Amino acid sequence: MEAGRLTKLLGQHGPDSGGGCVHFHHKWRLGIRNQLLQTQIDVQQKIQNRMKKIQEIQHSVEMRKRNAEEEKSARNQLFTDLIRSIERCQSELLKMMEEQQKAAEKQAEDLIKELQQEITDLKKRNTELEQISHTDDHLHLLQMFSSLCSRPHIKNWTEISIDSDVNVYSMNRALIQLEKTLDGRLKKIGQTGLKCLQKFAVDVTLDPDTAHPKLILSDDGKQVSHGDIVHDVPENPKRFDKTISVLAKQGFSSGRFYYEVQVKGKTGWNLGVARESINRKEKITLNPENGFWAVFLRNENQYKACESSPVSFSLRVKPEIVGVFVDYEEGLVSFYYVGSSSHIYSFTGQTFTDKLYPYFNPCVNNKGKNSKPLIISPVNK
């Protein structure tokens with residue numbers, strides 16, 4: 001560009017231009033210097049920007065190292081506490097079992113001593129009976145008969161026994177306490193893990209162009225519920241015609257994303273992600289082969305993951321908010337119970353090629369029993 005400008009200047013102020021030649025050279029040199037100065041300023045600014053970027057990268061690495069050390073220390077402490085809790089419970093259980101065994105052995109020893117004493121007494125009595133039975137002294141026989149033939153003071157051993165089974169009730173109490181301790185510790189780990197996933201939160205809104213005609217969407221695109229009336233909606237190749245479903249407007253073809261859905265008060269729902277090329281015009285089985293990675297609830301407490309063969313699972317507490325996390329490159333779709341920061345289910349080792357969209361199905365309202373909407377909730381990062 002500078003060469004072109006120079007040629008142009010020379011064309012206007014060549015050697016034959018007389019007195020303007022000196023003025024031209026002066027102006028030309030000044031212009032060149034200004035350009036060089038500006039270029040130098042630009043280069044220096046680029047250098048400064050890159051040095052600043054180096055400092056930012058170094059600072060990020062240092063911060064990450066510091067955070068990693070803190071996280072490592074916290075995790076080590078958690079696992080140390082878990083190991084100590086397990087070892088303590090193990091020690092208490094072994095001690096309890098030893099004490100129970102010693103008590104059983106002591107009880108058996110006392111009973112055997114008592115039985116042996118009774119055997120000795122009975123043998124003595126038997127000997128006396130044998131002796132008196134052969135006596136010819138009738139007076140002595142009459143005198144001894146009453147005492148020897150009376151019932152001896154011995155125990156009825158029919159109902160007495162030693163329990164050969166271990167007392168599991170006491171051990172169960174210790175194990176239940178351990179379980180509570182472990183749940184508490186693991187919940188802390190889960191909370192840390194979920195916080196990391198929540199950093200990938202995205203703003204998700206429902207796409208009315210995909211919604212089944214019986215679905216009711218809120219104006220802000222954050223809520224969906226099932227209605228009994230078929231709404232007059234325009235034909236659209238993106239719309240679900242046979243299944244009570246709707247997709248989000250936002251699709252993702254790389255990276256990680258996370259969103260949360262309130263399911264409180266519902267007896268049935270489907271949640272997950274679906275690939276862009278799914279069949280929206282026919283009823284279709286939800287599974288990865290058909291482009292769906294989802295979990296669902298039926299009849300208030302029947303949970304299943306939509307694998308090729310549906311996988312049933314149980315939850316101790318009915319979740320009110322479900323978190324959905326996707327790592328596109330990793331081939332991972334995971335579901336979490338946000339309230340307890342606990343993992344629900346994961347699809348792993350998947351291969352994604354299409355764009356993925358958050359998928360929602362509030363299920364039929366079941367005469368009002370399942371009328372609550374699915375609500376896309378803001379993520380508390």
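**View 1. Valine 43 is partly exposed, at a relative accessible area of 43%.** Partly exposed lies between buried (under 20% relative accessible area) and exposed (over 50%), with a 1.4 Å probe and protein chains only. This is a predicted model: local features need pLDDT of at least 70, side-chain atom pairs count only at pLDDT 80 or more, and totals for chains, interfaces and linings use all residues. Residues are numbered from 1 along each chain as its sequence is written, and side-chain values use heavy atoms, without hydrogens and water. Valine 43 sits in helix 2 (residues 20-133). Helices are DSSP runs (H or I, at least four residues), as are strands (E, at least two), numbered from the N terminus.

**View 2. The largest cavity holds about 30 Å³ of space.** The count is 1 cavity of 30 Å³ or more. A cavity is a set of points on a 1 Å grid over the protein atoms alone where a 1.4 Å probe fits but cannot get out; lining residues have an atom within 4 Å of a point. Points are joined across faces, edges and corners, and the volume is the space filled by probe spheres set on them. The lining comprises Trp269, Val295, Phe296, Tyr303, Phe313, Leu315 and Ile344. It divides into 7 nonpolar residues, no polar and no charged.

**View 3. Asparagine 299 has a positive phi of about 55 degrees, though not a glycine.** Its loop runs between strand 6 (292-298) and strand 7 (302-305). Asparagine 299 is exposed, at 55% relative accessibility.

**View 4. Cysteine 363, also not a glycine, has a positive phi of about 65 degrees.** Cysteine 363 is buried, at 12% relative accessibility.

Methods:
On a 1 Å grid over the protein atoms alone, a cavity is a set of points where a 1.4 Å probe fits but cannot get out, and a pocket is an open set with protein on both sides within 12 Å along at least five of seven lines; lining residues have an atom within 4 Å of a point. Ala, Val, Leu, Ile, Met, Phe, Trp, Tyr, Cys and Pro count as nonpolar, Asp, Glu, Lys and Arg as charged, and the others, Gly among them, as polar.
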